Amino acid sequence: MPKEKDPILKKLQELGCNSQFKLAIAYQVYLDLSEVRKLQVESRYNKELDIIYFVGKGDEFPNGSEIFIPLSSASFLSMSWIETLQQAICQDREGPRITMAFKEQDSSVMYYCMTTGIIPPDPPSPPILKKPGQLSTE
Amino acid sequence: MIKVTVTDEGIPMVWNSEDWIKLRNEYRILGNLCGSLPDVSSQEQFHGLPLVLLPYEATLLREKKIARLVRYPSLARAPGKGVREEYEKYCQRICDGQLTTLVKKQRQSDINERSKDVEETEDNSELLKVTKRTRKRRKDSGDCSHSSLLNLAIEKFGEEELKEFMPLASSLCVQTFTTYPWLRKEDACSVKWRYPSTSAENLTFNVFKDFWEKGYYISSGHKFGAHFIVYPGDPFVYSAHFLVICIERNAAIRPSDVAVLCRLGDTMNKSVVLACETNDKITYQTLKCSVLSK
């Protein structure tokens with residue numbers, strides 16, 4: 001009896017991407033975002049760039065949602081490719097922002113943000129006041 | 001216009017303290033002080049003039065007509081007769097000034113001692129009367145200096161004693177110059193400045209110029225593995241906000257490089273910015289660790 005395809009993998013295939021390698025990477029990242037990070041994930045595909053990407057929704061993101069680009073840790077990027085990608089898939093033209101999801105060989109996924117423009121660092125967190133005799137829980 | 005001296009090795013330097021202050025305060029050029037401060041013991045920590053400019057700083061100053069890059073071939077030659085005579089006259093003035101001061105001090109201390117332990121001898125009483133008269137006259141006329149006292153003492157005790165106070169030449173204070181004091185305008189020769197010459201240098205310079213025009217203070221970022229470290233204000237007052245890396249538009253970036261840069265920025269509490277040139281315009285990408293990675 002032929003084994004049924006995973007529904008998530010099937011859904012990703014239906015987007016239109018034919019590359020098995022890209023599908024495998026996207027599948028792993030999807031699982032990490034939806035099952036481990038507990039985000040609401042929407043799958044999308046850009047035909048011109050032949051790339052699957054996800055829009056994840058969660059309270060931890062400043063705008064409520066974030067664009068994730070699944071990539072292998074063995075891949076190479078360039079500034080021109082990143083700019084093309086941002087212009088193609090980001091709706092926010094003022095400082096488009098994408099999050100690269102690098103899938104490692106041990107199946108772990110690391111996330112790094114790239115935003116167009118010069119963005120200052122986050123301000124330092126304010127000091128936590130402790131009551132006398134109380135241990136800090138941080 | 002500020003003059004920036006370029007050495008034979010092609011290193012631009014500023015030797016004048018007023019020029020250094022002007023470059024820092026008015027034009028946000030930081031450079032690197034590489035000299036030693038004579039009064040400071042920790043000479044590896046606190047540096048003084050000269051200020052060494054980085055090549056892109058010198059190019060910017062030249063382009064904006066703030067400074068002129070010059071060299072002084074005359075400094076490589078032995079000084080001529082005129083300069084040597086001028087120098088000897090200067091040394092003599094310094095020597096005479098110090099001797100006069102030494103003699104005045106010594107004489108004053110002698111006179112003070114003698115006036116305290118005095119027995120009414122004929123010489124001393126004469127001296128005391130004279131000095132009192134002189135003091136009163138000087139006080140009435142408003143001149144309370146001791147020069148009359150000195151002259152009087154020298155007249156009394158003779159010029160011979162003056163020679164006893166002639167100090168050794170090796171014990172005189174000698175001024176060391178931080179700039180050559182006998183340079184003339186016509187000694188400055190223009191320099192053939194060739195930075196930037198390669199595409200990488202062009203990119204570095206254009207990124208530097210772009211940040212400078214935006215009003216930032218920029219310093220070399222080699223200690224942090226970056227091209228520049230960028231401050232929103234004077235580094236004496238503000239911490240840096242950005243580590244800037246200049247990268248060609250089509251150069252390959254590995255995911256491991258992205259990971260390293262993001263972790264570096266996170267540790268240092270600075271934003272890592274990748275800068276490249278697109279259609280004669282500088283574009284930037286700021287890297288940060290995602291909230292999901294923390």
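Across all chains of this predicted model, the count comes to 12 aromatic pairs. One of them joins A:F61 and A:F68. Their ring centres lie 5.9 Å apart. Their planes meet at 65°, so the pair is edge-to-face; the cut-off for that class is over 60 degrees. A:F61 is buried, at a relative accessible area of 4%. A:F68 is buried as well, with a value of 0%.

A further pair lies in chain B. The rings of B:Y216 and B:F242 have centres 5.8 Å apart. Their planes stand at 90°, so this pair is also edge-to-face. B:Y216 lies in the loop between α7 (199-213) and β7 (217-220) of chain B. B:F242 belongs to strand β9 (residues 242-246) of chain B. The pair therefore ties together parts that are 26 residues apart in sequence. B:Y216 has a relative accessible area of 19% and is buried, because the limit for that class is under 20%. B:F242 is buried too, with a relative accessible area of 2%.

The charged end of B:R28 sits over the ring of B:W212. The distance to the ring centre is 4.8 Å.

Charged side chains were examined next. Side chains of opposite charge can pair when their charged atoms come close. Over all chains, the count comes to 14 salt bridges. One of them joins B:R24 and B:D234, with the closest N and O atoms 3.0 Å apart. This pair links distant parts of the chain. B:R24 is in helix α1 (residues 17-25) of chain B, and B:D234 is in the loop between β8 (228-231) and β9 of chain B. The two residues are 210 residues apart. Both count as buried: B:R24 has a relative accessibility of 12%, and B:D234 has a relative accessible area of 15%.

A salt bridge also forms between B:K209 and B:E63, where the closest N and O atoms are 2.7 Å apart. Here too, distant parts of the chain are linked. B:K209 is in helix α7 of chain B, and B:E63 is in helix α2 (residues 55-63) of chain B. The separation is 146 residues. B:E63 counts as partly exposed, at 41% relative accessibility.

B:R184 and B:E186 supply another salt bridge, with an N to O distance of 4.0 Å. B:E186 counts as exposed, at 56% relative accessibility. In chain A, salt bridges that share partners join A:E42, A:R44 and A:K57 into one network.

The overall features of chain A complete the account. Its secondary structure comes to 3 helices and 5 strands. Along the sequence, these elements follow the pattern α-α-β-β-β-α-β-β. Chain A has 138 residues, and buried residues make up 41% of them. The chain exposes about 8700 Å². Carbon and sulfur atoms supply 52% of that area.

How values were computed:
Residues numbered from 1 in each chain as written. Chains lettered and ligands numbered in written order. Predicted model: local features only at pLDDT ≥ 70, side-chain atom pairs only at ≥ 80, totals over all residues. Heavy atoms only, no water. Phe/Tyr/Trp six-rings, centres within 6.5 Å; stacked < 30°, edge-to-face > 60°. Buried < 20%, exposed > 50% of the residue type's maximum accessible area, 1.4 Å probe, protein only. Helix = DSSP H or I, 4+ residues; strand = E, 2+ residues; numbered from the N terminus. Lys NZ or Arg CZ within 6 Å of the ring centre and 35° of its normal. Salt bridge = Lys/Arg side-chain N within 4 Å of Asp/Glu carboxyl O. Areas by Shrake-Rupley, 256 points an atom, 1.4 Å probe, with all protein chains shown as cover.
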